Amino acid sequence: MPLSPQTSPSQTPLTTASTPGTPPLIAGSQGQVIEKASGQSALAGVSLKPQHYKDVLGASPRAAQAADFFEVHAENYFGQGGAPHRYLTAIRAHHALSIHGVGLSLGGAGPLSQGHLARLRALIDRYEPMLVSEHLAWCSHDGVYFNDLLPVPLTEEALETVALHVDQTQAALGRQILIENPSNYLAFADSVIPEAEFLSALVQRTGCGLLLDINNVAVSAFNVGSDAQAYLQAVDHQAVGEIHLAGHAVDERGGQRLKIDDHGSAPSDEVWALYASYVAMAGGRPTLVEWDKDVPDHAVLVREAGKARAIMRAQASGQVDLMTRSHAATV
Ligand SMILES: [Fe+2]
């Protein structure tokens with residue numbers, strides 16, 4: 001996912017033991033959020049975009065509840081004040097929030113930016129989100145920031161570095177974070193650990209959770225020839241605390257086709273089918289529909305989130321086989 005400029009309290013342990021098929025309990029200082037997240041996994045959220053601030057605040061109470069939570073990119077709120085914080089404060093008063101970082105560079109070889117960590121901690125203390133997440137990626141080196149999430153070779157050396165950085169981040173934030181699987185456009189010749197295994201090892205070493213981006217799984221499978229369904233089966237289900245769904249584009253040049261994780265459209269039928277099969281296998285998780293480019297009306301995002309909620313509710317009520325077949329038939 002390319003990074004765009006405007007795509008932009010006290011801390012308690014964030015997970016407790018969970019039974020198989022049940023997501024980790026998500027804790028924060030907001031009691032109602034804890035209960036909602038742990039008692040019912042079928043939370044469906046949308047990206048909070050600045051062009052939708054007034055829609056969200058002006059919606060009728062019923063319409064406003066159409067999204068169970070909102071997710072923001074942390075770095076867009078690193079300023080101290082101004083309109084972004086005014087709107088986010090008003091929205092946070094009535095909605096659960098997820099904070100998604102894109103600039104920590106957990107996969108970088110160099111040390112983490114202490115300034116970045118301090119700003120992230122201040123944002124988390126200010127808004128008390130139910131979820132905090134970052135990426136298995138790097139995006140800065142020697143103080144230079146790149147406008148993209150860059151890939152990490154899946155080696156033991158990289159695992160040690162990322163685990164150290166996740167440990168440092170969780171210590172600085174005083175809470176667990178979720179790590180998102182990347183969208184891949186190439187496979188490193190030096191990679192020796194399957195990605196799902198690499199992420200499981202990260203969970204074991206650090207106690208982090210996972211953010212499973214199913215669009216990224218689909219994009220990677222197409223681009224590097226991996227098996228999306230096998231990836232979903234290999235993921236550490238108990239560690240998955242959130243799911244992302246998004247749209248992708250297809251780039252075709254010189255007879256080569258690549259799927260680009262551009263977040264510029266609704267999730268594809270293939271992604272919905274993979275999502276339905278994952279929910280059937282592992283149960284529901286708080287699910288976010290990401291949309292960062294060519295952003296449509298807020299109602300469109302809410303409608304897509306409603307599809308995710310319907311799939312999770314169907315699974316919870318035992319109708320998931322029907323939903324899975326229905327979505328699979330559209331691929
Ligand atoms: Fe994502």
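In this predicted model, helix H8 (residues 214-224) and helix H10 (residues 269-282) approach each other with their axes within 9 Å, crossing at roughly 120°. Helix H8 is therefore oblique to helix H10, since angles over 145 degrees count as roughly antiparallel and those from 65 to 115 as roughly perpendicular. The crossing of H8 and H10 is right-handed.

On the H8 side, the contact is formed by Ile214, Asn215, Val217 and Ala218, which meet Glu270, Val271, Leu274, Tyr275 and Tyr278 of H10. Seven residues of this contact between H8 and H10 are nonpolar, one is polar and one is charged.

Helix H5 contributes Leu117, Leu120, Arg121 and Ile124 to the contact, while H6 contributes Thr169, Ala172 and Leu173. By class, the contact of H5 with H6 comprises five nonpolar residues, one polar residue and one charged residue.

Two packed helices are described by the angle between their axes and by the distance between the axes. The table sets out these values for both pairs.

| Helix pair | Axis distance | Crossing angle |
|---|---|---|
| H8 (residues 214-224) and H10 (residues 269-282) | within 9 Å | roughly 120° |

How values were computed
Residues numbered from 1 in each chain as written. Predicted model: local features only at pLDDT ≥ 70, side-chain atom pairs only at ≥ 80, totals over all residues. Contact = placed C-beta atoms within 7 Å. Helix = DSSP H or I, 4+ residues; strand = E, 2+ residues; numbered from the N terminus. Nonpolar A, V, L, I, M, F, W, Y, C, P; charged D, E, K, R; others polar. Axes fitted to C-alpha atoms, helices over the stretch in contact; angles between N-to-C directions. Parallel < 35°, antiparallel > 145°, perpendicular 65-115°, else oblique. Left-handed = near helix turned anticlockwise from the far one by under 90°.
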